[in-house]
Amino acid sequence: MAANFSSIPVLDFAFIADETKRPEFIAHLRHALINVGFLYLKNHTVSQELIDRLVDYIPRLFDLPQDAKEKIDMANSPHFLGYSRLGAEFTKGKTDYREQFDFATPHQTQWRPGGPEYLRLWGPSQWPDENLIPGFRGVMENYLLQVQALSYHFISLLAEAFGLPSDALAKFYDSDERMQHRGKGRSTNEGSLTDQGVGPHYDAGFLTFLLQASPHPGLQVQNLAGDWIDVPPIPGTFVVNIGKALEFVTRGLARATSHRVLSPPVGTTPRYSVPFFQNISLNARLADNILDFPPEILKLKDLRGDPAQTDSVNFAEFDREPSGKVNLIGRVKSHPDVAERHYPDLFEQYFPNGLPKQVNAY
């Protein structure tokens, strides 16, 4: 087995523009993808001025009057976009002690009556009143679009790291107007009730780009032995991690790593973060699109070995359902109040006894 990791590697995106350093970047990326599942990315292409503006907005977003937040409550949206009050989401049957807003890149829903319900997952965001937080929407939308561009570039480098053509993963995405990627503004509050800011879980799609928007620690990832490793904020970086969909299509070569967020200690300020989730086509059936890798690349998985049992079990349906259905199931389990209003049949399937006080989201 490869040596177990005790820290998260830092990769310099500027290396890809230097032909003498590019091979080093690709080698380090390959190691991170196979053995860790997480990495820091510095010198990326997203404007630092834009990031600074967004970081300035995030505390102001959560300081909005409660009635203004509730006007864009997620329960209003069949797309699971909008505001989630403190303690409204669950992971592994426990309350996540966080407050958040879900936004997404611009998109007009492709769903039509009679079509698959999972096409309703994507659609327009709900935004706070512009008069209460002037300019926020423009900054957030611009940020999401810049990270989207970075994520597409990064996925081509990932293919190169695995010995594939740079466009080998393009078949998992639709045209731009048929795609949507999701972002969150997240506030993990001081842990007076529980230390679970976000419980142990995997992400669903291909890649997540996390902006840690305050200096608080709290993010932890689970290594091959099952130990929890801290991922503290490093200014000027994104934390990038692998989702279960990418793990599935790479036959486990790319490693989705269990992770969680601990609440800040009692008496401290909230921890702010802005994750960006790169989606794949809602109609993609991953079991029909398994990739073939060079033998020397596949051997690296054998050298790594299998991780110990983790604390995360979500998104296990990729072997039999389209990507959109897998994601919809996850959202229904996490947000039963939204499901009860907009997906009554699925709500009945997963919650036959009605709206629960606690749920097993994953």
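Predicted model: local features only at pLDDT ≥ 70, side-chain atom pairs only at ≥ 80, totals over all residues.
The chain contains nine helices and 14 strands. Of its 362 residues, 57% count as buried. Among the contacts in the chain with a separation of 6 or more, 80% are accounted for by residues 24 or more positions apart.

Two packed helices are described by the angle between their axes and the distance between the axes. For α1 and α4, the axes come within 9 Å and cross at roughly 85°. Because angles of 65 to 115 degrees count as roughly perpendicular, α1 is placed roughly perpendicular to α4. On the α1 side, the contact is formed by Arg-22, Phe-25, Ile-26, Leu-29, Arg-30 and Leu-33. The residues contributed by α4 are Phe-154, Leu-157, Leu-158, Glu-160 and Ala-161. Sorted by class, this contact of α1 with α4 has eight nonpolar and three charged residues, with no polar residue. An α-helix has 3.6 residues a turn, so residues three or four places apart point the same way.

The crossing in which α1 passes α6 is right-handed. Here Arg-30, Ile-34 and Asn-35 of α1 meet Ile-297, Leu-300, Lys-301 and Arg-304 of α6. By class, three nonpolar, one polar and three charged residues make up the contact of α1 with α6. Arg-30 takes part in the contact with α4 and also in the contact with α6.

Helix α4 itself covers residues 136–161, a total of 26 residues. Just after α4, Gly-163 adopts a positive phi of about 75°.

Most residues other than glycine have a negative phi, and most peptide bonds are trans. Asn-43 is a residue other than glycine with a positive phi, near 55°. Asn-43 is located in the loop between β2 (38–42) and α2 (48–62). With a relative accessibility of 45%, Asn-43 counts as partly exposed. Phe-80, likewise not a glycine, has a positive phi of about 55°. The loop that holds Phe-80 runs between α3 (66–70) and β3 (82–84). Phe-80 has a relative accessibility of 0% and therefore counts as buried.

Glu-70 belongs to helix α3. Its relative accessible area is 44%, so Glu-70 is partly exposed. When residues up to four places away in sequence are not counted, Glu-70 touches Asn-76 and Tyr-83. Glu-70 and Arg-85 are 15 residues apart along the chain, and their C-alpha atoms are separated by 8.1 Å.

Conventions. Residues numbered from 1 in each chain as written. Heavy atoms only, no water. Left-handed = near helix turned anticlockwise from the far one by under 90°. Helix = DSSP H or I, 4+ residues; strand = E, 2+ residues; numbered from the N terminus. Contact = heavy atoms within 4.5 Å. Nonpolar A, V, L, I, M, F, W, Y, C, P; charged D, E, K, R; others polar. Expected span 1.5 Å × (residues − 1). Axes fitted to C-alpha atoms, helices over the stretch in contact; angles between N-to-C directions. Parallel < 35°, antiparallel > 145°, perpendicular 65-115°, else oblique. Buried < 20%, exposed > 50% of the residue type's maximum accessible area, 1.4 Å probe, protein only.
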